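Open the model in your viewer and keep the selection tool handy. We will walk through a few stops together, one selection at a time.

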Amino acid sequence: MMTTLVRTLLACATLLITVILGVSIGETAIEPSVVFQALANKLWAAGHVLDPIDEGIVWNYRLPRALVAAACGAGLATCGVILQSLLRNPLADPYLLGISAGASTGAVLVALLGVGAGMVSLSAGAFLGAVTAFALVMVLARASGPPSGTGQIILAGIAGSQLFNALTAFLITKSASSEQARGIMFWLLGNLSGVRWPAVWLTVPVAVAGLAVCLWHRRALDAFTFGVDSAAALGVPVRQVQCVLIGCAALVTAVMVSIVGSIGFVGLVIPHAARLLLGTGHARLLPASALGGAVFLIAADVLSRTLIKGQVIPVGVITALVGAPVFAMILIGRRNAR
Amino acid sequence: MSAPSVLNCCDLNFRVRDVELLSDICLEVHQGETLGIVGPNGSGKSTLLKLLAGLRTPTAGEVRLAGRRLDELSRRSIAQHLAVVEQQADTDDSIKVFDAVALGRIPWLSALSPWSDADDAMVRQALHDVDATHLQARRWCNLSGGERQRVHIARALAQRPRILLLDEPTNHLDIQHQLSILQVVQALPVTTLIALHDLNQALTCDRLAVLERGRLVALGKPLEVLTPQRLRDTFGVQGHYLTDPFDGARILRLRSDTKGPGRIVQTDGRNILKEPAC
């Protein structure tokens, strides 16, 4: 048996290697050794002599981009795990439940109406949008059927997504100049192009904190395996755990959406893959999903930059192109496992 | 009864919208006893168990666990005293049987007392008690209804409760496991509340509570409670007692109230017995 320490080290090494690869692969290929030297120069002034352009690409563009991709992937995958576990629904995901759409509306509202300025207020707008959307979806699901009905929440989520996407489109059409509109539409599809170091300082702590909060509640999440009553009977303060963890999911989603737009399928595909590989215990499922999400989104970002020469595809398009078929395969695999 | 009361409720009422599901239930559960809850479909057996476990909040009245009001206790300390086996608890997760039973240890685990060999041993013991050791590596989705039920009971046993609430635990079980589970449960050194459909199984309880349309209509020793009059009034069946020549135990023979003998009779819509024509 591998100890937890060995597993943690392996996970960190995997993440590090992926980040280095994510930084070195691109239109201008940069040797991993150059990446290391550039990092050494910046972190402890190692004094390697490097091409300043290469150094600038590594430090100012690709590294923050890879780190934000990792944080977003990890955060969204963590959100997927907790939503699926709490709502007892294999299809739950911030994107499908309308949380991302609500966050987009909130962020666009702030961006266009200019309520406050800067990153944090954009995230705050996204958070309010996310919470509003989720509350609306839950009310609709509750009103339309029994609380245990798994289909209801997804249908309500579709209604919520449509509503908030329409609101976003309305806001853009009404208030944005054509220049703004194109920028916002591109951002909405999921876009890592503009991210710099300030985005890293926001997304990485949020992803790490979100994962930590969820790991703290890992046994409570396990207890939801047989439903809400069963969790309560196992000593879980259900209402409190639901509020904390769903609030956490809304916050993480909102921050990620406010930085990179809505990226779908990470929260859906990665947790399922992790469950198939590692089983259902959240002590392993949560970190594994976070790692998987981070690696997946860095890889998707690399693909989005290199697939078409001279052009960047929105990363949300890549995740959907990869994610939808993988999810279909997982669905079929689950059926066969029965 | 001299044994102290470990769980009691007083003037318990529960209504959902305008439907009164339970009204004015007063019940004292004594330490170490097996208290059966019987009644026709929809009489409130499951609801009463949910209220006693604190899974629903009563509209009026209160439940006390070891003398303390349930709503003053944390969920965790309730779960350390009291385990529940629900009637229908299912999952889509392909969880392993061992892990499903290990969930029962959750109320006892914390950052300061993580999973230990002792927890492992308790899970194995619980699996052994319900004759499910051979299932432990199987996945939930590959189990039959009866096997799932045994795993649920094992999970409740792994919780090491002082009080065990079981909602029709023998529902999906074959006859061998029905009898063995009841035997296991009654041999445990715990107080047990058990909702039952089979009245002959109910006769093996220490006391019986009879529910009828949300009211507690009788409470006492099985033979004193399940009188022919009670069977007719509450369950709508004719019943009389026979004596088993094997061990002298009393057995209930039931027949439909409206139709004559020699027909198929139902005790409650579930246990269908073929009666010979006499």
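Which exposed residues are carried by the face of H6(B) turned away from its buried side? Before you look, some housekeeping: this is a predicted model, in which local features need pLDDT of at least 70, side-chain atom pairs count only at pLDDT 80 or more, and totals for chains, interfaces and linings use all residues. Residues are numbered from 1 along each chain as its sequence is written, while chains are lettered from A and ligands numbered from 1 in the order in which they are written.

**Stop 1: helix H6 of chain B.** Select residues 175–187 of chain B, the 13 residues of helix H6. Helices here are DSSP runs of H or I with at least four residues, strands are E runs of at least two, and both are numbered from the N terminus. Now colour B:Ile175, B:Gln176, B:Gln183 and B:Ala187: these are the exposed residues on the face turned away from the buried side.

Next, pick the buried residues B:His177, B:Ile181, B:Leu182 and B:Val185. They sit on the same side of H6(B) because they cover an arc of only 130° around the axis, taken from the directions from the helix axis to the C-beta atoms. Show their surroundings and you will find helix H5 (145–158), strand S7 (163–167), strand S8 (191–195) and helix H7 (199–202) of chain B packing against them.

**Stop 2: strand S6 of chain B.** Select residues 82–85 of chain B. B:Leu82 and B:Val84 point one way and B:Ala83 and B:Val85 the other, and all are buried. S6(B) runs parallel to S7(B), joined by four bridges; strands pair if DSSP finds at least two bridges between them. Opposite B:Val84 you will see B:Leu165 in S7(B).

**Stop 3: where the chains meet.** Bring chain A into view: 20 of its residues are in contact with 23 residues of chain B, contact being C-beta atoms, placed from the backbone, within 7 Å. On the chain B side, H2(B) gives the largest share, five residues.

**Stop 4: A:Leu91.** Finish in the loop between helix H3 (52–87) and helix H4 (99–113) of chain A, where A:Leu91 is found. Is A:Leu91 exposed, partly exposed or buried? It counts as partly exposed because it has 18 C-beta neighbours inside 10 Å.

Methods: Buried ≥ 20, exposed ≤ 12 C-beta atoms within 10 Å, placed from the backbone. Expected span 1.5 Å × (residues − 1). Contact = placed C-beta atoms within 7 Å.
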